[in-house]
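Please read them alongside the coordinates.

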Amino acid sequence: MDIRICNHSDNELPAYATELSAGMDLRAFLPEPVVLAPGAYAMIPTGLHIELPDGYEAQVRPRSGLAAKNGVTVLNAPGTIDADYRGEIKVILINHSATPFTVHSGDRIAQMIVARYEKVSWVSADSLSDTARGEGGFGHTGIKN
């Protein structure tokens, strides 16, 4: 699928790192480094603007290595970019670690997945069909089988 993109940064376009990758890395586009203190968050610009077709969204997700090695993740994961949004893609990063983390321009800070979605129409009902699970949720099956 071809998607129009405007790149106002000096970074390469998002790309798949491997043949079977689902996500493309997003890179920071910063005039100067941003230091995230422990517990702090910031909106990090990418310099990218995209034009998604109707029926598609882009999801901004954490990079597993950044989270595992540095405790830094995407605050509103997954962030949704709607098909009618034409503004700059920005990533809300949060530092969950006990040490400051510095984001430099060009750093790979998140990944983006383009996905199809369905629109729904709600049908009012007084009841729903029964299932084996019923209303069980929030750990109702326990942590051991």
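1. The model is predicted. In the loop between β9 (90–95) and β10 (101–103) sits Ser-97. The backbone oxygen of Thr-99 is 2.8 Å from a polar atom of the Ser-97 side chain. That side chain also makes a polar contact of 2.6 Å with the side chain of Asn-95. Leaving aside residues up to four places away in sequence, Ser-97 touches Pro-38, Gly-39, Asn-70 and Gly-71.

2. Strand β6 (residues 56–61) is largely enclosed by the rest of the structure, because five of its six residues are buried. β6 pairs with strand β11 (residues 108–116) in the antiparallel sense over six bridges, and Val-60 stands opposite Met-112 in β11. β6 also runs antiparallel to strand β8 (residues 79–81), with three bridges joining them; here Gln-59 stands opposite Thr-80.

3. The largest pocket holds about 250 Å³ of space. Its lining consists of 11 nonpolar residues, with no polar and no charged ones. Among them are Met-1, Leu-13, Pro-14, Tyr-16, Met-24, Leu-52 and Met-112.

4. The second largest pocket has about 190 Å³ of space. Residues lining the second largest pocket include Met-43, Val-60, Thr-80, Asp-82, Tyr-85 and Lys-90. β8 and β9 are the elements that give two or more residues to this lining. By class, the lining has seven nonpolar, three polar and two charged residues.

5. Which pocket does Met-112 line, and which does Val-60 line? Met-112 lines the largest pocket, whereas Val-60, which stands opposite Met-112, lines the second largest pocket.

Note on methods. Residues numbered from 1 in each chain as written. Predicted model: local features only at pLDDT ≥ 70, side-chain atom pairs only at ≥ 80, totals over all residues. Heavy atoms only, no water. Helix = DSSP H or I, 4+ residues; strand = E, 2+ residues; numbered from the N terminus. Polar contact = N/O pair within 3.5 Å; in protein donor to acceptor, adjacent residues only side chain to side chain. Contact = heavy atoms within 4.5 Å. Buried < 20%, exposed > 50% of the residue type's maximum accessible area, 1.4 Å probe, protein only. Pairing = 2+ DSSP bridges. 1 Å grid on protein atoms, 1.4 Å probe; cavity = no way out; pocket = protein on both sides within 12 Å on 5 of 7 lines; lining within 4 Å. Points joined across faces, edges and corners; volume = space filled by probe spheres on them. Nonpolar A, V, L, I, M, F, W, Y, C, P; charged D, E, K, R; others polar.
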